Amino acid sequence: MDLLDAPTLLLVNAVFNGFAAAGWALLAGVFRMAPRASWLMVGAHLFRILQTTDAGLTAGWSSLAVVAFEQSCALAAVCLLALALRRMLRLGRGRRHIALITGAGFLGIVLLFALQQRAGIPLVAAVAITLLALGGARDVISGAGPGLARWITMLLVLPYLVLAGLGIVRLAMPAQGGAVSAGVSAGVGALWLLLTMAISVSLMALLVWRLVGRVEHLTLRDPMTDTLNRRAIADEVQLLQARRERGHDFALVLLDIDHFKRINDELGHAAGDAALLHVVRIVRGCLREADRLGRLGGEEFCALLPYTTTEAAAQVAERIRATLQAQPLVWRGQRVELTASFGVAGGRANDPAGEVSLARADEQVYRAKGEGRNRVCVAPAEAFG
Ligand SMILES: Nc1nc2c(ncn2[C@@H]2O[C@H](COP(=O)(O)OP(=O)(O)OP(=O)(O)O)[C@@H](O)[C@H]2O)c(=O)[nH]1
């Protein structure tokens with residue numbers, strides 16, 4: 001039990017919370033990573049240090065003032081942890097319950113301080129902390145969603161549940177006479193330290209997980225149209241080709257906007273960009289959920305259609321072509337007619353790599369351009385001869 005003696009615990013607590021506050025400040029101030037949530041975490045760790053300053057800051061204060069101060073700091077720390085969690089989970093709205101619980105808790109502490117009811121102060125704080133912790137656990141469960149790795153969800157929810165349990169245990173203490181032994185007090189202090197560590201580390205894990213997802217997204221998507229980029233298209237085609245070898249059809253629909261240069265030249269680059277987004281919107285509207293859309297570059301796009309025959313893909317291409325023709329872009333009040341040339345190619349078994357079907361679809365785009373544009377040309381389903 002030596003490790004849990006009060007001075008050691010205070011030191012460990014101050015060191016850990018100091019380092020954690022510095023780490024979050026670095027993330028917020030230098031790396032600009034989730035800055036608001038990170039600053040909230042800095043605040044939470046600083047309040048945890050203040051909560052346990054013990055003889056330092058509060059030397060000479062009455063025991064009533066010390067209890068009121070410590071419990072206010074604990075409440076403020078948990079409130080900031082709950083707010084940071086909501087920010088990290090991007091649960092923007094609905095922070096009112098945190099403000100209400102924290103406000104009511106502070107009000108209770110001030111009232112009891114004024115009435116000199118020392119014993120009631122930790123109980124009021126415990127009720128507020130328990131409610132905040134339960135709210136935090138609920139936020140994790142409702143806000144995590146299927147996109148969040150299960151281990152991160154578990155890591156996030158557990159400390160909030162233990163914190164709530166700790167509050168409930170604290171509420172039960174007066175029933176046993178209210179006296180808390182030094183050992184129990186040190187144990188509770190150590191648990192608080194562990195919980196703060198767990199919450200801080202799990203929120204950092206959440207941040208890193210989000211960052212990795214973002215980087216992955218940026219390396220695989222075209223930033224302007226938010227469609228797959230060339231590299232991601234190549235990966236997807238390879239995957240489809242591998243499935244083709246196991247007997248599952250796939251087809252590619254390539255499209256190249258006709259006379260796109262004219263839009264840029266006559267209406268400006270912004271109109272050209274708007275035209276690209278317009279085309280993406282229309283193509284997406286004509287695809288199924290399982291289909292993917294990518295941008296090969298410039299004004300050339302590729303739709304990847306799994307489990308689709310060449311004939312079915314040709315129908316999809318024709319539908320996109322007709323929709324595009326029927327729905328011109330409206331740019332600053334002006335109608336801009338848009339058409340595109342389409343090349344369709346189905347995946348063939350024994351193609352050495354998926355890139356071959358891309359090249360075949362590309363050949364058909366050139367054929368469509370040569371035959372007068374605004375049309376769909378289809379590569380033969382299988383090689384002949
Ligand atoms: N606005 C905008 N223009 C782009 C972008 N990427 C490429 N372009 C332009 O797209 C134009 C493509 O022109 P071309 O390759 O001659 O093709 P086209 O005018 O569509 O002619 P055809 O394909 O033969 O019908 C060029 O002027 C590029 O500068 C982009 O992201 N935004």
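In the predicted model, helix α5 passes helix α6 in a left-handed crossing. The two helices, spanning residues 120–144 (α5) and 150–172 (α6), pack at an angle of about 160 degrees, and their axes are 8 Å apart. Because angles over 145 degrees count as roughly antiparallel, α5 is roughly antiparallel to α6.

Y160 lies in helix α6. This residue is buried, since 27 other C-beta atoms are found within 10 Å and the threshold for burial is 20 or more. With residues up to four places away in sequence left out, Y160 touches A133, G136, A137 and V140. The C-alpha atom of Y160 is separated by 6.6 Å from that of L134, although the two residues are 26 residues apart along the chain.

Helices α1 and α2 also form a packed pair. Helix α1 comprises residues 6–29, and its packing against α2 has an angle of about 165 degrees, with the axes 8 Å apart. The two helices are therefore roughly antiparallel to each other, and their crossing is left-handed. On the α1 side the contact is made by N13, A14, N17, G18, A20, A21, W24, A25, L27 and A28, and on the α2 side by P35, S38, W39, M41, V42, H45, L46, R48 and I49. The buried residues of α1 are L9, N13, N17, A20, A21, W24 and L27. At 1.5 Å a residue, the 24 residues of α1 should span 34 Å, and the distance of 33 Å between its end C-alpha atoms agrees with this.

The crossing of α2 and α3 is left-handed. Residues of α2 in this contact are R36, A37, L40, M41, G43, A44, F47, R48, L50 and Q51; those of α3 are E70, C73, A74, A76, A77, L80, L81, L83, A84, R87 and M88. M41 and R48 of α2 take part in the contact with α1 and also in the contact with α3.

Helix α11 covers residues 310–326; its 17 residues should span 24 Å at 1.5 Å a residue, and its end C-alpha atoms are 24 Å apart, in agreement with that value. T310, A313, A314, V316, A317, I320, R321 and L324 are buried in α11. These residues cover an arc of only 160 degrees around the axis, which places them on the same side of α11. An α-helix has 3.6 residues a turn, so residues three or four places apart point the same way. The exposed residues E311 and A326 are carried by the face of α11 turned away from its buried side. The buried residues of α11 pack against strands and a helix, namely β1 (250–257), α10 (269–286), β3 (300–306), β6 (340–346) and β7 (376–378).

For the protein chain as a whole, 12 helices and seven strands are assigned. The chain has 385 residues, of which 38% count as buried. Among contacts between residues at least 6 apart in sequence, 72% join residues at least 24 apart.

Key. Residues numbered from 1 in each chain as written. Predicted model: local features only at pLDDT ≥ 70, side-chain atom pairs only at ≥ 80, totals over all residues. Helix = DSSP H or I, 4+ residues; strand = E, 2+ residues; numbered from the N terminus. Expected span 1.5 Å × (residues − 1). Buried ≥ 20, exposed ≤ 12 C-beta atoms within 10 Å, placed from the backbone. Arc of directions from axis to C-beta. Contact = placed C-beta atoms within 7 Å. Axes fitted to C-alpha atoms, helices over the stretch in contact; angles between N-to-C directions. Parallel < 35°, antiparallel > 145°, perpendicular 65-115°, else oblique. Left-handed = near helix turned anticlockwise from the far one by under 90°.
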